[in-house]
Amino acid sequence: MANTARALGVAAVIFVSFVVWTLGGWFQGGSHAAVNHVLLLALLLPALVLMVLAAGTARGRPRAGWIFLATGLAGWGGALSVWTYHELTRGAASSPSLADAAYQLLPISGSVALVLFAGERNDRSRVRVLLDGLIVGGSLLIVSWVTIIGPIYEAGAGSRLELLVALAYPICDVVLLTVAAMVLVRAFSDRRLALMFLATGMASIALADSASVFLSRQNEYASSHAIEIGWVAGLLLI
């Protein structure tokens, strides 16, 4: 518990420093974007290392969960690296591209990982979880349609592929948010703290991803935008 408290203290200091840096407005443009992206990649690396170490010591479903989660985060980090390189060298990243597919590894693999972490259930419990998940997922989908998916669809795109890629972000994020909510409610007591950090962290990243897609479609997104606070919070929680 003492190690957890120290880790939370360090994470809190990093998070508050990033919030002050992002909202302070001392630097703008390329310099601010470069620092933000480097920090995100710097936080991602230790998260990946810890996942690999956890997978090495775990067995069964938890080990598979760590492998799935590490795979998803590695894809997200690779996509972020490509996106960062294009933004800093070309001024903007192209989309759709392979980076978009890599980004989607996290919500997909993350959802599978959370289910694996949640533990075994009997058949009756699985049916209840499925029904609850449909209710939660349907509610989140309605909210997402009104706030993000609907406006993206109505705005259209240069091609069908571009529109499908833009819609894939919030739809996959709704799936991840649904699974995260169900896992937090149904988690066994001995795993609740760890699952709370993981589920909340991935949910934070998912919300920031959807917000970034929505703002980019509205031509309002900038690399120094406050939504990057969600990415930093997610990585620190993970």
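Reply: The discussion below goes from the overall fold to single residues. Please keep in mind that this is a predicted model.

Me: How many helices and strands does the protein chain have?

Reply: One begins with the secondary structure. Here the protein chain contains nine helices and zero strands, and the pattern along the sequence is α-α-α-α-α-α-α-α-α.

Me: What percentage of the residues of the protein chain count as buried?

Reply: Of its 238 residues, 44% count as buried. The accessible surface amounts to about 12400 Å², and 70% of that belongs to carbon and sulfur atoms. As for contacts between residues at least 6 apart in sequence, 73% join residues at least 24 apart.

Me: Which residues have the most contacts inside the largest nonpolar core?

Reply: A core is read from its members and from the elements that supply them. The largest nonpolar core here has 54 residues, and those with the most contacts inside it are Trp 66, Leu 69, Leu 73, Trp 76, Leu 114, Leu 198 and Leu 235. Helix α7 (residues 160–186) provides the largest share of this core, 10 residues. To take one member, Trp 76 touches residues beyond four places away in sequence, including Leu 44, Tyr 103, Leu 106, Trp 231 and Leu 235.

Me: Why is helix α5 described as largely enclosed by the rest of the structure?

Reply: In α5, 10 of the 14 residues are buried, so the helix is largely enclosed by the rest of the structure. Among them are Leu 106, Gly 110, Ser 111, Leu 114 and Phe 117. Helix α5 covers residues 105–118 and reaches 20 Å from its first C-alpha to its last, close to the 20 Å expected.

Me: Which residues is Val 179 in contact with, leaving aside its neighbours within four places in sequence?

Reply: Val 179 lies in helix α7 and is in contact with Ser 111, Leu 114 and Val 115. A residue counts as buried under 20% relative accessible area; Val 179 has 17%, and is therefore buried. Val 179 and Ser 111 are 68 residues apart in sequence, yet 6.0 Å apart in space, C-alpha to C-alpha.

Me: Is Tyr 153 buried or partly exposed?

Reply: Tyr 153, found in helix α6 (residues 123–155), is partly exposed, with a relative accessible area of 48%.

How values were computed:
Residues are numbered from 1 along each chain as its sequence is written. This is a predicted model: local features need pLDDT of at least 70, side-chain atom pairs count only at pLDDT 80 or more; totals for chains, interfaces and linings use all residues. Side-chain values use heavy atoms; hydrogens and water are left out. A nonpolar core is a set of buried Ala, Val, Leu, Ile, Met, Phe, Trp, Tyr and Cys residues joined through side-chain atoms within 4.5 Å. Buried means under 20% relative accessible area, exposed over 50%, partly exposed in between (1.4 Å probe, protein chains only). Helices (H or I, at least four residues) and strands (E, at least two) are DSSP runs, numbered from the N terminus. Contact means heavy atoms within 4.5 Å. Accessible areas come from the Shrake-Rupley method with a 1.4 Å probe; for residues, only the protein chains shown count as cover. The expected span of a helix is 1.5 Å times one less than its number of residues.
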